[in-house]
Amino acid sequence: MDCIFCDIVKKTKPSHIIYEDEKVLAFKDLNPRAPIHVLVTPKKHITSANELKEHDKDLIGHIFLKIAEIADKLGCKSGYKILNNCGKDGGQTVPHIHFHILAGRSLDQFPC
Ligand code: 5GP
Ligand code: ZN
């Protein structure tokens, strides 16, 4: 199966990695919409939030704890946005679940 984020996880496609552990990879977005724009993704391929299963609960909890650590490490002192686009109408363009961390400017109008 072709998946650009699986390729990034396997490191067959280059990325600017911000954080990595056995379950999670965080890397800079190629087309940043804010001064800080990082994508946090499980190494395991899950297509979207809509495909999450009961056994993924710990993984998603782990990701959210790491998001807070990464935001702290990146110096997002005045806050940040965590964004997940789910499916076509949700604006998801890469079908491997990921969470955007956006920060470094006011994001109160972006987009909700
Ligand atoms: P989505 O629209 O699915 O929520 O977010 C996908 C994000 O992946 C977009 O913000 C896009 O800029 C980013 N992206 C797409 N292709 C690549 C890539 O090859 N490398 C990196 N680092 N980001 C990518
Ligand atoms: Zn994938």
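Strands E1 (residues 17-20) and E2 run antiparallel and are joined by three bridges, where strands count as paired if DSSP finds at least two bridges between them. Strands (E, at least two residues) and helices (H or I, at least four) are taken as DSSP runs and numbered from the N terminus. The model is a predicted one, so to speak of a local feature takes a pLDDT of at least 70, side-chain atom pairs count only at pLDDT 80 or more, and totals for chains, interfaces and linings use all residues. Residues are numbered from 1 along each chain as its sequence is written, chains are lettered from A and ligands numbered from 1 in the order written, and side-chain values use heavy atoms, with hydrogens and water left out.

A hairpin of three residues takes the chain from E1 to E2. Within this pairing, Ile 17 has Phe 27 of E2 as its bridge partner. On to the next strand: E2 also pairs with E3 (residues 36-42), again in the antiparallel sense, over five bridges, and here Phe 27 is partnered by Leu 39 of E3. Strand E2 (residues 24-28) is largely enclosed by the rest of the structure, because four of its five residues are buried. Buried here means under 20% relative accessible area, exposed means over 50%, and partly exposed is in between (1.4 Å probe, protein chains only).

Beyond its neighbours within four places in sequence, His 98 is in contact (heavy atoms within 4.5 Å) with Phe 5, Leu 39, Val 40, Thr 41, Leu 83, Asn 84 and Gln 92. Its side chain also reaches the backbone oxygen of His 96 at 2.6 Å. That is a polar contact, meaning a pair of N or O atoms within 3.5 Å; within protein, one must be able to donate a hydrogen and the other to accept it, and residues adjacent in sequence count only if both atoms are side-chain atoms.

Now for the ligand. Ligand 1 is surrounded by 18 residues, the closest being Asp 29, Arg 33, Asn 85, Thr 93 and His 100, with a heavy atom within 4 Å as the cut-off. A polar side-chain atom of His 98 lies 3.0 Å from a ligand oxygen, and a side-chain N or O atom of His 100 is 2.8 Å from an oxygen of ligand 1. Of the 520 Å² of accessible area that ligand 1 has on its own, the protein covers 88% (Shrake-Rupley method, 1.4 Å probe).

As for charges, the whole structure holds seven salt bridges, each a side-chain nitrogen of Lys or Arg within 4 Å of a carboxyl oxygen of Asp or Glu. Asp 56 and Lys 44 form one, with the closest N and O atoms 2.5 Å apart. Both residues lie in the loop between E3 and helix H2 (57-73), 12 residues apart. Asp 56 is buried at 3% relative accessibility, whereas Lys 44 is partly exposed at 40%. Glu 69 pairs with Lys 66 at 3.2 Å; the two are three residues apart in H2, about one helical turn. Lys 11, Glu 20 and Lys 43 are linked in a salt-bridge network.
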